[in-house]
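Please examine the arrangement of side chains in the model shown here. The account begins after the display.

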Amino acid sequence: MISLLWTRLRKRKAMIVIPIFIIGILVPIMCFYFSVLYVEEPERIVEEVIALLHTCIPMTGCWWIILLYQDFFEWEGNELLYYYHSWRKLIKEYIFVVAVYVGVSGFIVFCIQQTIEFPLFVIGQLSVETVFIASLTLFSSFLLQNTGGSLLVVIAYCVYLNHFDSLGIFQFMSVFPRREEFLNLNVGLLRNAFISSGIICILGSACIGWRRGYK
């Protein structure tokens, strides 16, 4: 499975490294910038860093999923891909890619935590949020048959709910903690996000099966 997965991804070598560049280089640079900008306000540093992590880590988690399934919507003769790839195989690839991304991003967040102190459970929060966003990407990609539309959905969801929904209008559909709750372990929110991830993943699997039959 891994060799076939790599064969499908390697033709976009430059694009594969984009998530690593964002979470491994850009995010640490921004964290350092916040630590310098708010050097006299340690609590502000933590708030801005966690807000950045809650936006970038889950949002970037959609990228490898999009690359994984892009050919199913843009490649001529893509009905052959549906014929040779069962929904079970696609879900196994999805789980593998998500697991790799969660492991890499979790390690990077752990390294950041060594210099900017915040609770380790934030890593758990980010992992669950990443799984949710990956499931949303899977579902929206096969539902819309368009990875560009799926990417816009994910970006709008992550950026708006983390930075612009100050009144909490759409808080009922958010898997992210509100700013005043950044340092609180909200078990209920984690549970709801995890359950929602499972439901959306099941819906995504159903869309794969429906599109495969339709083709």
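The paragraphs below treat the nonpolar cores, the cavities, the aromatic pairs, the salt bridge and one backbone angle.

The model is predicted, and local features therefore need pLDDT of at least 70, side-chain atom pairs count only at pLDDT 80 or more, and totals for chains, interfaces and linings use all residues. Residues are numbered from 1 along each chain as its sequence is written, and side-chain values use heavy atoms, with hydrogens and water left out.

In soluble globular proteins, nonpolar side chains tend to be buried together. A nonpolar core is here a set of buried Ala, Val, Leu, Ile, Met, Phe, Trp, Tyr and Cys residues joined through side-chain atoms within 4.5 Å; buried means under 20% relative accessible area, exposed over 50%, and partly exposed in between (1.4 Å probe, protein chains only). The largest such core has 45 residues, of which Val 49, Leu 53, Tyr 69, Phe 118 and Phe 142 touch the most other members. At least two residues of this core come from each of α3 (18-37), α4, α5, α6 (71-74), α8, α9 (121-144) and α11, and α8 gives the most, with 10 residues. Helices (H or I, at least four residues) and strands (E, at least two) are DSSP runs, numbered from the N terminus. Beyond its neighbours within four places in sequence, Val 49 is in contact (heavy atoms within 4.5 Å) with Cys 31, Phe 34, Ile 112, Ile 116 and Phe 118. Another core, of 15 residues, lies apart from the largest one and includes Ile 66, Phe 132, Tyr 157 and Cys 158.

The whole structure has 2 cavities of 30 Å³ or more. On a 1 Å grid over the protein atoms alone, a cavity is a set of points where a 1.4 Å probe fits but cannot get out, and lining residues have an atom within 4 Å of a point. Grid points are joined across faces, edges and corners, and a volume is the space filled by probe spheres set on the points. The largest cavity has a volume of about 40 Å³. Among the residues that line the largest cavity are Ile 57, Val 102, Gly 106, Leu 126 and Thr 130; α8 and α9 are the elements that give two or more residues to this lining.

There are 6 aromatic pairs in the structure. Rings of Phe, Tyr and Trp (its six-membered ring) pair if their centres lie within 6.5 Å; planes under 30 degrees apart count as stacked, over 60 as edge-to-face and the rest as tilted. Trp 64 and Tyr 101 have ring centres 5.9 Å apart and planes at 85°, so this pair is edge-to-face. Because Trp 64 lies in helix α5 (residues 63-69) and Tyr 101 in helix α8 (residues 87-113), the pair ties together parts that are 37 residues apart in sequence. Tyr 101 is buried, at 2% relative accessible area. Tyr 157 and Phe 176 form a tilted pair, 5.7 Å centre to centre with 50° between the planes, and both residues are buried.

The search finds 1 salt bridge (a side-chain nitrogen of Lys or Arg within 4 Å of a carboxyl oxygen of Asp or Glu) in the whole structure. Arg 44 forms a salt bridge with Glu 48, and their closest N and O atoms are 3.0 Å apart. Arg 44 is partly exposed at 29% relative accessibility, whereas Glu 48 is buried at 13%.

Finally, Gln 145, in the loop between α9 and α10, has a positive phi near 55°.

Technical notes:
1 Å grid on protein atoms, 1.4 Å probe; cavity = no way out; pocket = protein on both sides within 12 Å on 5 of 7 lines; lining within 4 Å.
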